[in-house]
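Dear colleague,

Please find below the structure that I am handing over to you. My notes on what was found in it follow.

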Amino acid sequence: MKKVVVIGAGITGLAAAHELHKAHCDGEPIDWVLIEKDNRVGGKIVTERTGGFVVDGGPDCFLPDKPWAGQLAKELGIDGDMLPTNDEHKKTFILSGGALHLLPDGVMGLVPTKFVPFATTALFSWGGKLRMAADLILPRKPNEDDETLADFVRRRLGREALDKLAEPLIGGIHASDPEQMSLQATFPRFLEMEQKSGSLIRHMVKARKKMPPPPPPDPTKPKRTFFMSFVQGMGELPETCAARLDPERILTGVEVTDIKEHAGGYTVKVAGRDDIEAAAVIVCAEAHAAARLLKKVDDEIAEALAAIPHVSSATVSLAYKKDEIGNDLDGFGFIVPSVEDRKIMASTWSSTKWSHRVPEGYAMIRAFVGGAHNEKLAELPDEKMVKMVKSELKDIMGVGAKPVLTRIFRWPKGMPQYTVGHLDRVETIERRQAEHLGLFITGGAYRGVGVPDCVNAGQKAAKSALDAICPGAA
Ligand SMILES: Cc1cc2nc3c(=O)[nH]c(=O)nc-3n(C[C@H](O)[C@H](O)[C@H](O)COP(=O)(O)OP(=O)(O)OC[C@H]3O[C@@H](n4cnc5c(N)ncnc54)[C@H](O)[C@@H]3O)c2cc1C
């Protein structure tokens, strides 16, 4: 039996373990173990369920257009629990000048594609609108060299589009500063659009016109929306994945402290336990943690891993009695441009966006704190953080009621930042990794931060590990 050690039981490590489990059940001569330093599996995915409230502390959704999370759910038999958004309330607001403005209909990515909603919105000044329209006539960039997302948006659509659309919409996904983000690593499609069509607006308008009309609702088929979750929260995916695996092979509350390479494979050092000998190691810990573990294996890998910056954030969920909240929460929430100089990045109106999140008669709001612009705020003590969020929600939405439930989830250095040069760093890691038979480094810090990307990355790493140690198995 050849042993594979998977380090880190976030969704990447769980997806990897699931592949190894299948190979083992198919009779491949492999043994595996999944080691997690926390006392629970799931990593950044966590759902607390209490008194009928379902509170997601990390991700609250995934993109079904990237098929891997949905496919894993199907394999685990929970695809019937996949939950669409309540699209009859699909509205996003942007805070501008202290007031919430509806994101104009037809904005795709960050590009306006419908004339009337764009022309009539008070979100942008006339100067800002004209500057965005200049995208139609501006020349292409002469080369495809990487640039920051901010430089790209300023160049094509102007300052207002960056401040009021791109920064809060797109920076919000990565909790990042667009002045640092690599366009090629985060949104290569924008660059392709510019190169192909010469204009983002022209490209998006064409794409929108080509889109087939939505099919009439088919009551026999489950509803699919742009974002999806699970009835019992995002935690359902890692929890079910772990429950289908052999529990003796999942070690929680156990920290890997070091990895050493030798002629036959790897020695994995584990705090308070015997060393584990492995033919292959799949490292799914955060990049900064992986850097520490791999110092003795390969200095160049460790250096490239340590150079991937991470920022801290926190989510604060507040539940209220519906008749006390004083706001009908008609929308999915709002995003906050950093130029507004507020203390929260965004807010999701969880009980409107999703069914099954609160008991009858209650409502729930979730706020995001920290990120690249305000990282220090994610370190506030609980009481101060809740007070700050309540005060922001009162100012922005007029919600002054007393919450009946408050939950904080903290993510210190939990968000990898794909800054300029990111793809070079990832290429270095992958090039050096290929020199170490049986070593695989994967997860949300490299080629896609979303849950489906992580599932895909974990599965791919497991298949490569099987190929390396049992050729022909995967
Ligand atoms: C607040 C927040 C909101 C998000 N929202 C969304 C969203 O809505 N949709 C979406 O698709 N994505 C979202 N993401 C991103 C997504 O959740 C993550 O990219 C993904 O879950 C990362 O999974 P992972 O397994 O690669 O890493 P992680 O979940 O970070 O797992 C790594 C694991 O390794 C463990 N570990 C580290 N060191 C060691 C060691 N030495 N020994 C043993 N174990 C170790 C850690 O404890 C951790 O459990 C969000 C992220 C955050 C933080």
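A pocket is defined on a 1 Å grid over the protein atoms alone, as an open set of points with protein on both sides within 12 Å along at least five of seven lines; a cavity is a set of points where a 1.4 Å probe fits but cannot get out, and lining residues have an atom within 4 Å of a point. Grid points are joined across faces, edges and corners, and a volume is the space filled by probe spheres set on the points.

Please note that this is a predicted model, in which local features need pLDDT of at least 70 and side-chain atom pairs count only at pLDDT 80 or more, while totals for chains, interfaces and linings use all residues. Residues are numbered from 1 along each chain as its sequence is written, and side-chain values use heavy atoms, with hydrogens and water left out.

The second largest pocket has a volume of about 370 Å³. Its lining is made of 16 residues, and Glu430, Thr442, Arg447, Ala457 and Lys460 lie nearest its centre. Helices (H or I, at least four residues) and strands (E, at least two) are DSSP runs, numbered from the N terminus. Helix 17 gives the most to this lining, namely six residues; helix 16 (422-433) and strand 21 (439-441) each supply at least two.

The count of cavities of 30 Å³ or more comes to one. The largest cavity has a volume of about 70 Å³, and its lining includes Asp56, Trp354 and Arg357. Strand 4 supplies the largest share of that lining, three residues. Four residues of the lining are nonpolar, two polar and four charged, where Ala, Val, Leu, Ile, Met, Phe, Trp, Tyr, Cys and Pro count as nonpolar, Asp, Glu, Lys and Arg as charged, and the others, Gly among them, as polar.

Which residues are closest to the ligand? Of the 33 residues that surround the ligand, these are Thr12, Glu36, Lys44, Val449 and Val451; a residue counts as near if one of its heavy atoms lies within 4 Å. Polar contacts are pairs of N or O atoms within 3.5 Å; within protein, one must be able to donate a hydrogen and the other to accept it, and residues adjacent in sequence count only if both atoms are side-chain atoms. A polar side-chain atom of Thr12 is 2.7 Å from a ligand oxygen atom. For Glu36, the distance from a side-chain N or O atom to an oxygen atom of the ligand is 2.6 Å.

Finally, there are 32 salt bridges, each a side-chain nitrogen of Lys or Arg within 4 Å of a carboxyl oxygen of Asp or Glu. One of them joins Asp31 and Lys3 (3.4 Å, N to O). Asp31 belongs to strand 2 and Lys3 to strand 1 (residues 2-7), so this pair ties together parts 28 residues apart in sequence.
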